[in-house]
Each structure stands twice: as C-alpha cells, then as structure tokens.
Amino acid sequence: MRKTALNGSRTGWVGPYQISSYLANAVRDPSPRPPEAPGLYVLSERPWHDLPDDTCGLIYVGRAAYIRYRIGQLLCEMCGFTSDTIDDDAYGHRGGHAIWHRYCLPGKVEPLSLYIAWCSDCRCLDCAEAGLVQMLKVRLNVTPLYFCSRHRPALDLALNCGRGTLRRLLPAR
Ligand SMILES: [Zn+2]
Ligand SMILES: [Zn+2]
C-alpha cells in the first residue's frame, strides 16, 4: 500500500484539512492528496489532533477501496452536485447526498467550512470504522453500526492507526 506524506501527524491520519483552504491551494501550496488505496475518510465540523474524537463534531465516516476516487465523489455531492430528491437518490455517493440535503441545507452550513481527513494505514479497517461510527455526532443513517468480527474487543483507534513505535507492538497484517 502506498504511503502518503503526513503533515506532521503521529498517526496514520492525514489532515484534517478545512476543505475551502485545501481546495484553494491545490496547486500552489498542495497538501497531500488521498492515496489510490483502501482506507477510511471522515468529515467533521471542527479540526482535531492526532485522531478524530468525540468533540470534533464528526459528521460522516466513509470507507472505500480507492479513497482518492471516493472522496472526490463525496465532495461533489456534499457541495450540491447531486439530485434534488431528498430520499437516498444520490448520483454516486449516498453520504455526500445526505450531507447536502439533511445537514448543510437545513443547518445553513457551508460544505467548504467542514474538515476532511483520511487514513489508509489502519491495521484493521473494520475496527477503525466501527470505532469512528460510534463517535458520529450527526446521524444521517447512511453508515450502519457494526462491529469487527475478528477483534473482541475492537482494536483501540490509536493502536489501529498508529505509526512508528506503535507499529512494532503489533504483528503486521
Ligand atoms: Zn487508520
Ligand atoms: Zn478488527
């Protein structure tokens, strides 16, 4: 799996970036782009440090085989490039569609004011996703709650997404 540059983070997470400034400097002062690799991505109201947490206003957790492609779809639909029908009639990203219709429009929230981050370095995507979904502040009912079938209890997010010394504590998958 390809590794991304890390923005000084001690974890495998890249970001969070406020979407407005991330896109405003895509060429001149570029931040890392999401990798063409499997991983998780999250959208939050506020920035956070090291790992997403309960206080960042987590809005959405997504998972994809190619997170660069999928985050692109998310950004389009959450910025209104989506259908007018409110009921799950997305073009290609149900989460983005729901964020636009059920979060941004009713709450008068500018999509570009939100923060995006991703991790393609998780030891267990199931555990990481399950843990993040439990932190969601907004329930858009597009991300099912579930648990990892391989790890009971679930891997701690810091260990799951850790780098450096943490990496050596656990066998590689
Ligand atoms: Zn991770
Ligand atoms: Zn797991």
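User: What covers the buried residues of H4?

Analyst: Keep in mind that this is a predicted model. The cover over H4 includes strand E2 (39-44), strand E3 (58-64), E4 and helix H5 (157-160). The buried residues in helix H4 (residues 125-133) are Cys127, Ala128, Glu129, Ala130, Gly131 and Leu132. H4 also lies across E2, E3 and E4, running at about 165 degrees to E3.

User: Where is Leu114 found, and what does Leu114 touch?

Analyst: Leu114 is in the loop between helix H3 (94-107) and strand E4 (115-119). Leaving aside residues up to four places away in sequence, Leu114 touches Ile19, Leu43, Ser44, Glu45 and Ile59. Take Ile19: Leu114 and Ile19 are 95 residues apart in sequence, yet 6.1 Å apart in space, C-alpha to C-alpha. For the protein chain as a whole, residues 24 or more positions apart account for 67% of the contacts with a separation of 6 or more.

User: What makes E1 and E3 the edge strands?

Analyst: Start with the order in the open sheet, which is E1-E4-E2-E3, with antiparallel pairing. Strand E1 (13-18) and E3 each pair on one side only, and that makes them the edges. On average, neighbouring strands in this sheet are turned by 15 degrees against each other, direction ignored.

User: How do you know that E1 and E4 pair?

Analyst: Pairing takes at least two bridges. E1 and E4 have four, in the antiparallel sense, so they count as paired. One example is Trp13, whose bridge partner in E4 is Cys119.

User: And how many bridges are there between E2 and E4, and between E2 and E3?

Analyst: E2 and E4 pair over five bridges, again antiparallel, and Val42 has Ala117 as its bridge partner in E4. Between E2 and E3 there are six bridges, and these strands run antiparallel too. There, Leu40 is bridged to Arg63 in E3.

User: What makes E4 "mostly covered"?

Analyst: Five of its five residues are buried. Both faces of E4 are covered: Tyr115, Ala117 and Cys119 sit on one side, with Ile116 and Trp118 on the other. For the protein chain, buried residues make up 36% of the 173 residues.

User: Why are H2 and H3 called roughly parallel?

Analyst: H2 and H3 pack at an angle of about 30 degrees, with their axes 7 Å apart. Angles under 35 degrees count as roughly parallel, so H2 and H3 get that label. H2 passes H3 in a right-handed crossing.

User: Which residues meet where H2 packs on H3?

Analyst: From H2 there are Gln73, Leu74, Cys76, Glu77 and Met78, and they meet Gly95, Gly96, His97, Ile99, Trp100 and Cys104 in H3. By class, that contact has six nonpolar, four polar and one charged residues.

User: What is the angle of H2 to E3?

Analyst: Helix H2 (residues 67-78) runs at about 140 degrees to E3, lying across E2, E3 and E4.

User: Last one: what pattern does the protein chain follow along the sequence?

Analyst: The pattern is β-α-β-β-α-α-β-α-α-α, with six helices and four strands in the protein chain.

Technical notes. Residues numbered from 1 in each chain as written. Chains lettered and ligands numbered in written order. Predicted model: local features only at pLDDT ≥ 70, side-chain atom pairs only at ≥ 80, totals over all residues. Helix = DSSP H or I, 4+ residues; strand = E, 2+ residues; numbered from the N terminus. Buried ≥ 20, exposed ≤ 12 C-beta atoms within 10 Å, placed from the backbone. Contact = placed C-beta atoms within 7 Å. Axes fitted to C-alpha atoms, helices over the stretch in contact; angles between N-to-C directions. Parallel < 35°, antiparallel > 145°, perpendicular 65-115°, else oblique. Left-handed = near helix turned anticlockwise from the far one by under 90°. Nonpolar A, V, L, I, M, F, W, Y, C, P; charged D, E, K, R; others polar.
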